[in-house]
Amino acid sequence: MEHTSPEGTNYINYPKGLMSWIVTLDHKRIGMMYFFTVLFFFLIGGLFALGIRLELFEPGGQFMTADTYNRFFTYHGTIMVFLVIIPMIPAAMGNFILPLQLGAKDVAFPRLNLASYYIFLFGAIVAFATLFFGGVDTGWTFYTPYSTNTSSAAGMMLTAAFILGFSSIFTGLNFVATIHKLRAPGQTWMRLPLFCWALYATSIIQLLATPVLALTLMLVAIEKVSGVGIFDPALGGDPVLFQHFFWFYSHPAVYIMVLPALGVINEVVPVFARRPIFAYKAMAAALFGIALVAFIVWGHHMFTSGQTVLTNFVFSLITMFVAVPTGIKVFSWLATMYKGNIQFYAPMLYFFAFMFVFVIGGLTGVVLATLGADIHFHDTYYVVAHFHYVMVGGTLMAFMAAIHYWFPKFFGRMYSEAWAKISWLFIFIGFNLTFFPQFFLGFQGMPRRYYNYLPDYTFLNQLSTIGSFLVGLGFFIAAFYLGHALFRGKKAPDNPWRALTLEWQTSSPPPLENFRYEPVVTHGPYDYGPERG
Amino acid sequence: MDWSFIFPIAASEIARSWDTLNVFLLVICVFFFLVVIGPMVFFAIRYRFKPNRKVSTVSHNFTLEVIWTAIPTIILMVIFWWGWVVYRQMTFDLPQNHKQVRVVAKSWSWTFQYEDGRTTTNQLFVPVDTPVRLIMTSEINDVLHSFFVPNLRIKKDLVPGLYTNIWFKPEIVGQYQIFCTEYCGAGHSEMLGKLIVLSKEDYELWTWGKEIELPPAVGVGAIPQPPGLVAKAPSSSKKEETGIQVAMLGDAELPSMSLVEQGEALAASRGCVACHSSEDRPGIGPSYVGLFGREVELADGTTVIADENYIRESIENPHAKIVKGYENVLMPPYPGLLTELELNALMAYLKSLEN
Amino acid sequence: MSDDKNKHQHHILSNAASMWVFIFLLVFTVITVAIAQFDFGQLNFPIAMLIATVKAFAVVLFFMGMKYDSNDNRVIFATSFIFLFIFLGFTAMDLFSRGQIRVVGSPLMAVVSDKVFDKPWLPTEEIVAHGKEIYVKQACATCHGDEGLGNGPAGIALGARNFHEEAGWKNGRNPAQVFGTLSKGLNAMPAYSTISESDRWAVAHYVLTLGPRAPEVTEADLAKVGVDPNQQGAGENKQRTLPVNFAEKIYLKEI
Amino acid sequence: MSSAHANEHEHAHHFRDAEHQFQTNKQGMWLFLLQEVLFFAPLFVGYIIFKFIYFDSFHYASKQLDWVLGSVNTVILIVSSFTVARAISSAQRGNQTGVIENLVFTLICGLGFMAVKAIEYSHKIHDGLLPGPLFTNTAMLEVAPEAPLFFTFYFCMTGLHALHVVGGLVVFVWLIKRAKRGEFGPGYYTPLELTGLYWHFVDLVWIFLFPLLYLVG
């Protein structure tokens with residue numbers, strides 16, 4: 001691999017040729033490949049979501065049978081979780097930004113990095129292939145015994161999830177090694193941008209939790225094919241045991257999705273408030289606090305599953321502590337805005353949107369962690385609303401912030417600020433219109449995964465459906481002006497936001513080897529203030 | 001105060017205490033929402049960009065950080081404890097004198113089995129102001145289901161092969177919606193039922209097999225459904241159409257025996273009594289008398305409480321737990337030889353023999 | 001952080017050292033096997049695990065060179081076990097503190113009838129009539145409607161099959177294939193392996209009489225559903241069946 | 001190692017020197033092993049839990065395993081671990097023949113392990129002691145109704161472990177090829193080191209599997 005690239009070239013136009021992309025070892029190109037793949041899957045997952053909302057516009061069947069509906073929400077869930085939200089920020093954004101922020105030339109294991117992309121692609125293909133084998137109707141949670149009894153192609157989807165798991169594991173492995181070993185001179189732990197800290201915590205979760213899911217799903221697949229009875233009560237197995245195995249991964253997975261989002265926000269706020277981030281150390285610690293607690297709260301998904309009272313007590317108690325580090329972060333962001341000099345660029349707008357929805361998501365999370373309250377809310381639309389407020393609200397808003405923040409760095413071009421604001425408005429309003437009513441559906445006890453519902457719930461469902469289409473419109477606009485900016489956008493300066501983190505200290509788009517000179521870090525990532533700000 | 005504009009009508013004491021808890025939680029949520037979003041909006045306006053504004057460079061403030069770590073922690077502990085109290089009420093506060101109904105779920109219908117031996121499908125009849133305990137399971141080769149009555153704020157999964165418990169004490173006469181809340185396939189959203197709370201008199205009539213008028217629907221599901229959307233169960237489907245709603249018995253005629261008697265007959269017809277006597281004397285196997293709920297000492301020295309799960313195991317797989325003193329007499333296992341309803345009958349019978 | 005540490009000389013495991021570790025491991029293998037010959041009941045497990053852990057330490061510290069490795073790697077490997085125990089601990093906390101699922105053996109088989117037909121794949125009047133009975137008892141009408149028009153109450157939502165039309169039978173519509181569908185289930189339809197094989201054949205024949213004439217069953221079709229027509233007593237109930245009694249009737253009243 | 005012979009071997013452009021690359025790769029392997037531990041976790045956790053739920057059945061079923069063959073395999077793996085360690089130290093000392101000999105010996109051990117496994121499996125299959133529904137040994141069902149569950153775990157755990165062994169063997173063949181070309185020496189032996197770590201881990205898993213399945217059941 002070359003040690004230098006010709007002056008004036010960047011990672012996009014050097015080296016040339018399709019082949020140079022397919023077999024590239026460059027983290028930036030791999031990041032971009034992830035980026036566009038994920039966006040494509042996001043489109044598909046979104047279409048499934050709109051299908052669901054259309055079906056639920058009125059009680060009874062609109063245009064699909066219960067079977068079709070079950071497949072719709074299964075694919076929506078599976079695609080959004082395994083193919084979109086989990087790789088969205090770490091694999092796409094992280095791959096590109098992490099080495100730049102560390103001042104490294106590449107990730108520790110470029111080949112592994114490329115491999116994990118192709119594994120991801122392969123897993124995705126298998127996942128979509130199930131569509132041609134009758135589809136899957138288990139829901140993304142694959143609960144046994146249903147997933148072993150169903151005649152749909154669940155076994156294949158389980159395999160797909162297994163494969164995708166390894167893509168995620170290898171990315172995590174790569175990042176941890178990179179952060180440990182490839183920091184530029186002077187890039188001490190305490191000078192690490194918080195985005196790196198977030199990715200670090202995320203990667204550790206990926207490494208520790210994903211293998212468990214991988215094997216568990218394999219066991220279910222084996223059970224489905226050969227009928228061995230680890231989870232099948234009729235053969236002495238235990239379906240609740242599956243739920244334990246599943247949630248040991250899938251709860252930390254929630255933080256695989258959210259932590260990188262928090263990282264992005266940590267980058268955006270100080271830059272646009274032109275002021276040092278508040279409580280840097282506490283922020284970093286909070287990220288790890290969340291990551292750690294994530295592993296010992298999974299039982300709160302099982303309060304009504306026949307889990308014992310003792311277990312419910314313990315898990316409910318521990319779950320409460322998730323809120324503490326999260327609170328610390330939220331308050332610290334506020335404090336960072338205080339006496340700042342706030343610029344209303346698109347990323348900052350998405351930060352506001354993020355705060356708005358993430359706080360709602362977080363608080364309702366506390367409600368769900370409360371034993372007594374959860375008994376009623378469990379598996380109702382209240383839960384649906386809650387995790388969409390966290391997943392979509394938290395992660396997706398942060399993702400949009402990240403796109404708008406790093407767009408000039410990725411492509412060296414600027415998008416239209418005006419259009420950005422318009423689509424932001426649609427997404428923000430549409431999102432709340434979609435999911436806020438669902439809290440009330442939850443209060444009224446409408447169970448989730450219902451193809452047909454009582455007339456009591458009609459009005460709120462219709463609001464929700466209308467909202468979902470506003471969101472769709474918002475993203476359509478975004479796709480339009482970003483696509484336009486990609487080719488026609490005006491040239492962007494190297495550091496349009498006057499940011500201090502390392503990725504902005506090189507040209508945009510960056511050259512093949514990231515930095516023309518070996519960067520040396522002399523100050524913290526957010527030392528904004530009179531002199532530098 | 002009445003919260004039914006946001007929570008469904010509370011039909012039991014537990015439901016009311018749930019409401020109080022959730023009003024508290026709502027207040028907390030709104031408060032903290034304002035605490036965060038209020039300042040955010042204010043700062044955004046107050047400190048909007050000005051070319052040469054002097055920005056603060058304060059990078060941390062210990063006292064502040066301690067405060068916003070400590071205060072939430074305290075509040076969270078309060079929330080947790082309150083939640084636990086309500087949950088404990090839902091779990092443990094079952095009065096001694098309660099009715100028992102055994103519930104068996106299969107895709108996609110509910111079967112309710114009463115102490116007097118009758119069974120109904122998708123309609124659970126209970127008297128008002130009487131604590132009712134549900135002992136629930138799902139057909140062994142079926143999938144997970146979950147029993148949920150919004151107006152009572154109770155929910156519990158039905159797991160194949162495992163007995164779960166739940167109890168409630170309805171205080172308002174009426175018909176309440178029963179949902180299945182654990183995804184169970186294509187019929188999931190059709191797996192609905194009605195909890196029919198009758199006045200004590202009507203319940204009396206119903207137990208004697210008289211036709212009685214059903215009370216009006218209350219709370220969730222009260223809005224009449226247009227035809228075609230009505231959730232129908234096999235046995236209830238016919239009568240739905242006829243103008244006046246009348247209570248269905250499992251199958252118009254009364255059962256010949258009570259659940260206990262059925263169990264007794266079953267024990268006889270299956271030759272259980274050959275080894276397990278119903279008088280208080282050890283036979284070839286342990287006696288049934290005073291067995292249920294007792295602490296049983298096993299051959300390996302450990303002890304277990306003889307509850308539903310233990311009894312069931314001893315029927316399906318007698319060798320797993322051998323009672324002390326019976327090591328060398330092996331009972332033939334009866335896996336799959338008894339239906340869920342038969343097992344329930346047997347257990348009711350054993351329970352009747354506890355002293 | 002660990003950059004400066006990298007500069008130290010790589011440790012070389014001396015032959016003597018590796019030999020000692022090797023012998024140590026062999027010795028402890030012998031010990032653990034020897035101890036296992038005696039039964040300490042509940043204690044077997046902790047003892048064996050203790051010995052295994054000792055051996056594991058020898059391997060990790062010397063063979064894997066953890067003793068001479070950087071702190072990062074020590075922490076990394078230790079972490080994995082910490083989380084393994086978290087996983088085990090909390091799962092066990094639930095599973096060991098509740099009444100377990102104990103049900104083993106053949107799945108429940110609700111007997112609808114004791115009728116057993118010889119060569120049940122042949123559509124005789126008798127078996128068709130029997131099939132109609134089962135059709136009613138098993139509440140097929142819930143989805144497929146009383147006349148098998150696929151218009152039962154639940155059928156509307158689930159898109160249940162209308163037996164009167166010939167087109168679109170996913171598994172084909174000769175008795176054997178329908179029998180297969182009954183046994184395995186199809187999309188929304190649950191598998192009816194809970195009723196005896198003869199009963200399944202009977203229902204298959206009955207529903208086929210509703211539509212146009214069904215094709216004959218060939219040997220191949222039978223083979224597909226695992227029936228060997230030449231074999232004695234083919235098509236009889238392979239699973240254990242329940243003795244009929246009143247409790248059954250009460251049960252079936254509901255279905 | 002001193003940066004003196006750090007440059008003996010060329011290194012990828014994003015590393016400072018060969019030593020830096022070596023340490024990074026090694027840590028990568030440790031991270032991989034970390035996820036391996038968690039990968040085996042569900043089987044171990046599930047097995048331990050069911051072992052105590054169905055204590056007698058599992059105890060009885062485990063007595064059906066041949067602890068002699070099990071012990072033989074344990075010894076084989078320990079020997080192979082030993083030889084791998086020797087191979088690495090020989091490379092560090094620049095003793096080419098030592099590297100090759102030890103690697104070949106390890107390969108043989110691995111094959112031996114698989115051979116014994118094959119024998120064991122064939123016995124189990126012959127006795128109808130297969131997982132779940134394939135379990136045909138009705139005689140045992142009378143005594144130990146959950147035996148099928150035990151053998152489900154037995155085959156899953158040993159099978160997964162065997163897969164890891166096979167994977168290792170493939171790598172060893174490749175390493176022997178490279179060693180024959182004399183590629184490994186004090187300056188560069190990363191592949192040896194990493195494979196060594198992996199192989200020791202495989203040994204480690206067996207050290208726990210053996211007593212769990214064969215001895216205490």
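**Exercise 1.** Leaving aside neighbours within four places in sequence, find which residues Leu287(A) is in contact with.

*Solution.* Contact means C-beta atoms, placed from the backbone, within 7 Å. With that cut-off, the partners are Trp197(A), Ala198(A), Ala201(A), Leu259(A) and Leu262(A). The model is predicted: local features need pLDDT of at least 70, side-chain atom pairs count only at pLDDT 80 or more, and totals for chains, interfaces and linings use all residues. Residues are numbered from 1 along each chain as its sequence is written, while chains are lettered from A and ligands numbered from 1 in the order in which they are written.

**Exercise 2.** Find which residues of helix H2 (residues 55–62) of chain D are buried, and where they lie around the helix.

*Solution.* Buried means 20 or more other C-beta atoms within 10 Å of the residue's own. Helices are DSSP runs (H or I, at least four residues) and strands likewise (E, at least two), numbered from the N terminus. Ser57(D), Phe58(D), Ala61(D) and Ser62(D) are buried. Seen down the axis, they fall within an arc of 125°, so they line one face of H2(D). The arc is taken over directions from the helix axis to the C-beta atoms. These residues pack against helices H1 (18–53), H6 (147–180) and H7 (190–216) of chain D.

**Exercise 3.** Find which strands pair with strand E1 (residues 99–106) of chain B.

*Solution.* Strands pair if DSSP finds at least two bridges between them. E5 (residues 132–138) of chain B runs parallel to E1(B), with 7 bridges. Here Gln100(B) stands opposite Arg133(B). E2 (residues 109–114) of chain B pairs antiparallel with E1(B) over 6 bridges. There Val103(B) partners Phe112(B).

Note on methods:
A residue is buried if 20 or more other C-beta atoms lie within 10 Å of its own, exposed if 12 or fewer, and partly exposed in between; C-beta atoms are placed from the backbone. Two residues are in contact if their C-beta atoms, placed from the backbone, lie within 7 Å.
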